[in-house]
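Please look over the sequence and the model below.

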Amino acid sequence: MGKLNKSSLFHRTVLITFLIFLLSFTFKSKANARNEKPYFTDIGQFNYAKFLMGENDFKVAAREFARLIENFPASPLIPEAQFRMAEAYFNSGSYQEAEVQFRLFISNFSSNPLVEEAAVKLIESQSRLKKDLPLAPVPEYYPERRPNLRAVQVMLFEGKTLAQVEQELKRLKDSGIDTIIVRAFHNSGDRYYPFASPKAKAGVYFKTTHAPVVDDSLSGIIHAARRQDLKVFAWMTTRYADYGIENEDELACRGYDISTRQGFKCKGLDLFNEKAVKRLEALYSDLAEYDIDGILFQDDLVLRHNEGFGTSMSALYKKETGRTINPESLYLRVGEKPSIHYTQLFWEWASWKNKRLLTVAQRLKEVVHKKRPETRFAINLMYESLTNPPFALAWLSQNLEEANKVGFDYYSIMAYHRQMGQELNKDSASIKGMIEKMVEEASRTIGEPHRVLIKLQTIDWKTGAPLSNAEVVDLIRDVKSVKDVSLAVVPYRGDFPFNELGFPNGVALLNRQ
């Protein structure tokens, strides 16, 4: 009994530690975003869809005009959004959808000045639909298939020695797990690996001269994993990897306080600054000295809607676009007590920021591949990348479709059901339905379901309490029934029935709690 209590105490300590770690970025920033959501308005949504039209991304533009109609049913922009949606379908060559939408527009808004133009385009849609012949099939190209992952993301192991850790890894392997995603970084306040000999309060768990080394724990973990025939992904920070240079303002991210109209220093590195990016490249080059199978980019490869300013950004933006940028040109203030809307220029800038972040990721990939060409890369993406793409682009500078163009090996979707329910104020059945749609949409966007890595939470981020095995297992089974995607649970809990994750239908009896 004493042994059980000791284990339970350790589980609780691990969970609380992980909660503190998580709150340092994800929950805090997302909670702040929810509190500020009035910035996300019908005008902002309309300008985002118009921006996509200007980028000739017509199918996505049609989807975003439809999202405006769905999310802002009382908006005075609805008539034009309906017309522009039909126009977007027409420009994409989707003439059947265009015909339907032009008919709806004429029926719903018969007195609108755009009706005459809609009638002309309706006839043209019908004409092109009749002439539209099926295209000759294009030979399919089959790239090298990435294996499905059955993974566990590890914040801490329970073992106090590497020998005990290896026993944990053996249990994972015996349960059908093939990959461990292990923390290669250490933020101030995190709990150290129990077997480590800490030499710094923050830094990394591998040898490097470009950041403080907490301990070379990664070597021991990799050796133990290899003996158990497990793949190892290093889970590593990007923007927040400012270990040892936190006070160097030149390399720090810059933000803009919309209410006071003042700039401020924000957390992490300025990824528009070439010196900061080169330091990251050097750090990742040292990580590539290790016998790793892959790298998971931490969810800090983001920029909020008021982050990413400063002299380096301005110079790069001018160089690449030929234009200067003023923060006030991104936010439209309406009324005496102004509500804030995003301008069309904001969406251009947000899209440009997203491309910059992906460029940095690509540079880190290239540095690693010079030393270890077979290394796989996964990128963490918030659930909004699928459920609300304009929100993801505005608040986080994330865009799944753009990320897909870069060609990551895996797209790690943070489908944290409890977090989603709390933030969206939806019940478990609704969230389950959302996750099913996320799996479908991600598989369609990426094109290869096994490259979609669905991550499910095993604890409640708010309270640190472990979720019941039954709750998580039900989600695992549900995701498996939708598509044959890769799966991971986070964080690692020694008492979890990993066979449900590792094997097609589970093997051991589920310990329902």
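Is Y284 buried or exposed? Y284 is buried, with a relative accessible area of 0%; buried means under 20% relative accessible area, exposed over 50% and partly exposed in between, with a 1.4 Å probe and protein chains only. The model is a predicted one, in which local features need pLDDT of at least 70 and side-chain atom pairs count only at pLDDT 80 or more, while totals for chains, interfaces and linings use all residues. Residues are numbered from 1 along each chain as its sequence is written, and side-chain values use heavy atoms, with hydrogens and water left out.

The structure holds 32 aromatic pairs. Rings of Phe, Tyr and Trp (its six-membered ring) pair if their centres lie within 6.5 Å; planes under 30 degrees apart count as stacked, over 60 as edge-to-face and the rest as tilted. Y284 and F297 are tilted because their planes stand at 45°, with ring centres 5.9 Å apart. Y284 lies in helix 10 (residues 274–287) and F297 in strand 8 (residues 294–297), so this pair ties together parts that are 13 residues apart in sequence. Helices (H or I, at least four residues) and strands (E, at least two) are DSSP runs, numbered from the N terminus. F297 is also buried, with a relative accessible area of 0%.

Elsewhere, one aromatic cluster is formed by Y48, Y256, F309, Y331, Y342, F346, W347 and W349. K353 lies over the face of W349, at 3.9 Å from the ring centre. The charged end of K267 sits over the ring of Y240, 4.4 Å from its centre. A charge sits over a ring if NZ of Lys or CZ of Arg is within 6 Å of the ring centre and within 35 degrees of the ring normal.

T375 is found in the loop between helix 12 and strand 11 (376–382), and is buried, with a relative accessible area of 3%. T375 and I295 are 80 residues apart in sequence, yet 7.3 Å apart in space, C-alpha to C-alpha. Leaving out residues up to four places away in sequence, T375 touches I292, D293, G294, I295, V368, H369 and D409, where contact means heavy atoms within 4.5 Å.

On a 1 Å grid over the protein atoms alone, a cavity is a set of points where a 1.4 Å probe fits but cannot get out, and a pocket is an open set with protein on both sides within 12 Å along at least five of seven lines; lining residues have an atom within 4 Å of a point. Grid points are joined across faces, edges and corners, and a volume is the space filled by probe spheres set on the points.

The largest pocket has a volume of about 1100 Å³. Its lining has 40 residues, of which R67, L386, T387, N388 and P389 lie nearest its centre. Helix 17 gives the largest share of that lining, eight residues. By class, the lining has 14 nonpolar, nine polar and 17 charged residues; Ala, Val, Leu, Ile, Met, Phe, Trp, Tyr, Cys and Pro count as nonpolar, Asp, Glu, Lys and Arg as charged, and the others, Gly among them, as polar.

The whole structure has four cavities of 30 Å³ or more. The second largest cavity has a volume of about 60 Å³, and helix 12 gives the most to its lining, with three residues. That lining has six nonpolar, four polar and no charged residues.
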